[in-house]
Amino acid sequence: MISLLLAKKIAELFLVLVMGYVITKAGVVSEEGSLGISKLSLYLIIPCCLLDAFQIDLTAEVAGGLAVAFAGGFLCQGVLILLGEAAAKLFHMNAVEKTSTQYSNAGNLIIPLVNYILGPEWVVYCTGFMVAENIGFWSHCVSQFAPSGSQGASLLKRVVKIVTNVNILAIIAGVVLMLLHIRLPEIAGSAVADVGDMLGAVSMLIIGMNFARMDLRSLFRNKRVWLVLLLRMIIFPILTMTLLKLLRLESLTSNARDVLLITNLAAMAPAGATITQFAQIYHKEPEYASAINVLTTLSCIITMPFMVALYEAW
């Protein structure tokens, strides 16, 4: 079963998280060193992984799968935003809590999981949700943190941010190469693939490093964190999964069921690390945002296999 494979892989990644925690507690890695690794992941490893994903032949099946991936990705992200807005009003959430329920850590976590449980040829279908999420990050999400007076004036800048985001650029480059039937030279292609393969381990090391700098007692005593976890990891994923099932998108193409599994994996992933970055930039409770990111990541070893088992049984 895919859910068992997923649990095994998440358990492996969890051990890497523990390694990041240990080396930070031992003083091997400083906060500046952790920041450098984060930038390495964002500006090199993820783009390489995305570019490598498009080094495939554009068949009718691939084209149909991508259409389903983008339709499902934009639909899921839109619904997550609406659900988060409703929850924020009901539970009086602040910006960190609300956006943590709306945006996942799909870019860092889903790609290595999909690569493991389905195979590298399926990673390309992660891009549908990732494009939708990146647009949301640099439009709706950042507006929740930026000062109210700067939101209208920065609209053009936000559009530029979306288009020039390194992950979006990697996807555009990959699509162009795929459409033109261009493959990277063997040595360059292998180098790009090798760097991209580092994504899962490096992402979990970073989370472990952040975890090591937290006050664990206050983290687990905060009832609001558990509310966000319940919404982000269980309630919202069940609702988005139900919507996709009711719309019967699985019947559109022969590979649509597995493609939508990837979309659902992205929707049920832990809270986005980008939210912590926005909280740091705009000085809005970055420690709290990081705590939510870490706790939802720790919980995913249980919640994600359960959600996938539910998807398989449906």
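This briefing describes the nonpolar core, salt bridges, surface patch and backbone features of the structure. The model is predicted. Its largest nonpolar core holds 95 residues, and the structure contains seven salt bridges. Positive phi values at R248 and at E285 are also described.

**Nonpolar core**

- Within the largest nonpolar core, the residues that touch the most other members are I110, V114, Y125, L265 and M304.
- Helix α15 supplies the largest share of this core, with twelve residues.
- When neighbours within four places in sequence are set aside, L265 is in contact with L6, I110, V114, I117, M304 and V308.

**Salt bridges**

- Side chains of opposite charge can pair when their charged atoms come close.
- One of the salt bridges links R257 and E250, with the closest N and O atoms 3.2 Å apart.
- R257 counts as partly exposed because its relative accessibility is 30%, and E250 is likewise partly exposed, at 24%.
- A network of salt bridges with shared partners joins K8, K9 and E12.
- K8 and E12 both belong to helix α1 (residues 2–25) and lie four residues apart, about one turn of the helix.
- E12 and K9 are separated by about one helical turn because they lie three residues apart in helix α1.
- K9 is classed as buried because its relative accessible area is 18%, under the 20% limit.
- K8, at 44% relative accessibility, is partly exposed, and E12 is partly exposed at 31%.

**Surface patch**

- L169, I172, V176, L179, L180 and I182 form a nonpolar patch on the surface.
- Together, these patch residues have about 520 Å² of accessible area.
- L179, one of the patch members, is found in helix α8, which covers residues 166–179.

**Positive phi in non-glycine residues**

- R248 has a phi near 60 degrees, a positive value in a residue other than glycine.
- The loop between α12 (223–246) and α13 (256–267) contains R248.
- R248 is exposed because its relative accessible area is 60%, over the 50% limit.
- E285, also a residue other than glycine, has a positive phi near 55 degrees.
- The position of E285 is in the loop between α14 (273–281) and α15 (286–313).
- With a relative accessible area of 40%, E285 is partly exposed.

Key: Residues are numbered from 1 along each chain as its sequence is written. This is a predicted model: local features need pLDDT of at least 70, side-chain atom pairs count only at pLDDT 80 or more; totals for chains, interfaces and linings use all residues. Side-chain values use heavy atoms; hydrogens and water are left out. Patches are made of residues with over 30% relative accessible area and no salt bridge: like charges are joined within 9 Å, nonpolar side chains (Val, Leu, Ile, Met, Phe, Trp, Tyr) within 5 Å. Accessible areas come from the Shrake-Rupley method with a 1.4 Å probe; for residues, only the protein chains shown count as cover. A salt bridge is a side-chain nitrogen of Lys or Arg within 4 Å of a carboxyl oxygen of Asp or Glu. Helices (H or I, at least four residues) and strands (E, at least two) are DSSP runs, numbered from the N terminus. Buried means under 20% relative accessible area, exposed over 50%, partly exposed in between (1.4 Å probe, protein chains only). A nonpolar core is a set of buried Ala, Val, Leu, Ile, Met, Phe, Trp, Tyr and Cys residues joined through side-chain atoms within 4.5 Å. Contact means heavy atoms within 4.5 Å.
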